[in-house]
Amino acid sequence: SQTPTEIVVYDLRQKKFVLLDVVREYRLELPQYAVVQMLEQLRTMVNEDEQTAWLASREFRETVDIDAGKIELVNDHVRYSATGQRPDDAAVQAMLFEFLDQFTMLGATDPRRMPPFPRMMFNQTLKKYGIFPAEIEIRIVGNGLANGDLHVQTRHTVMNQLSSNDHQRISMAKKCWTSFREVNLQAYRDLPAVADSGNGREPRAR
């Protein structure tokens, strides 16, 4: 199988993310509380800009067809639609939605990505009706983030058992986790450095 360029691990026990850049052999460790702080800082910035304030809007029109497993969330700028099913096992359902929530919030750590607030709202709608998406379609129009409209489709597959390829990837992730050089967020995302309270050092996200 093709070697991934990045591996992202969410450590549920320690409540932290571990990002592994396979190409540069970088490791970034981010505690969940640090991601939440960045998320709230981003929310403030988004709300203060007239061109992007719509991203934090909670005003959506909701359309749901439980029998067909279809959900749609729409406002004047963004349309999220999904088809999926309700997992039979409540414990599995909880883990799946935890996965969606945490990895959506992680988007706040990369300023080049679209702020995650519309997707977070959609996750809450999926959770409310207990539908885990097999396919999601996103359409954004008239946005202040890029020229033109945006159309993205994603697919999600839930496997009941790990394959031999999965076990190989887990082994690879463990090896990268222990051997890669730990760096801060600026270095990992290749962002301009920010001085740390006048001492000339970059802040370190741990």
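The model is predicted: local features require pLDDT of at least 70 and side-chain atom pairs count only at pLDDT 80 or more, while totals for chains, interfaces and linings use all residues. Residues are numbered from 1 along each chain as its sequence is written, and side-chain values use heavy atoms, with hydrogens and water left out. Helices (H or I, at least four residues) and strands (E, at least two) are DSSP runs numbered from the N terminus.

**Sheet and helix**
- An open sheet of mixed pairing is formed by four strands in the order E1-E2-E3-E9, where two strands pair if DSSP finds at least two bridges between them.
- E1 and strand E9 (181-182) each have a single partner strand, so one side of each of these edge strands is left without a neighbour in the sheet.
- Two bridges join strand E3 (residues 26-31) to E9 in the parallel sense, and Tyr26 stands opposite Arg181 in E9.
- Helix H1 (residues 32-48) lies across E1, E2 and E3 and runs at about 80 degrees to E3; axes are lines fitted to C-alpha atoms, for helices over the stretch in contact (heavy atoms within 4.5 Å), and angles run from 0 to 180 degrees between N-to-C directions.

**Residues with positive phi**
- Most residues other than glycine have a negative phi.
- Lys15, not a glycine, has a positive phi of about 55 degrees and lies in the loop between strand E1 (6-11) and strand E2 (16-21).
- Lys15 counts as partly exposed at 37% relative accessibility; buried means under 20% relative accessible area, exposed over 50%, and partly exposed in between (1.4 Å probe, protein chains only).
- Asp190, also not a glycine, has a positive phi of about 60 degrees; Asp190 is found in the segment after helix H5 (185-189) and is exposed, with a relative accessible area of 62%.
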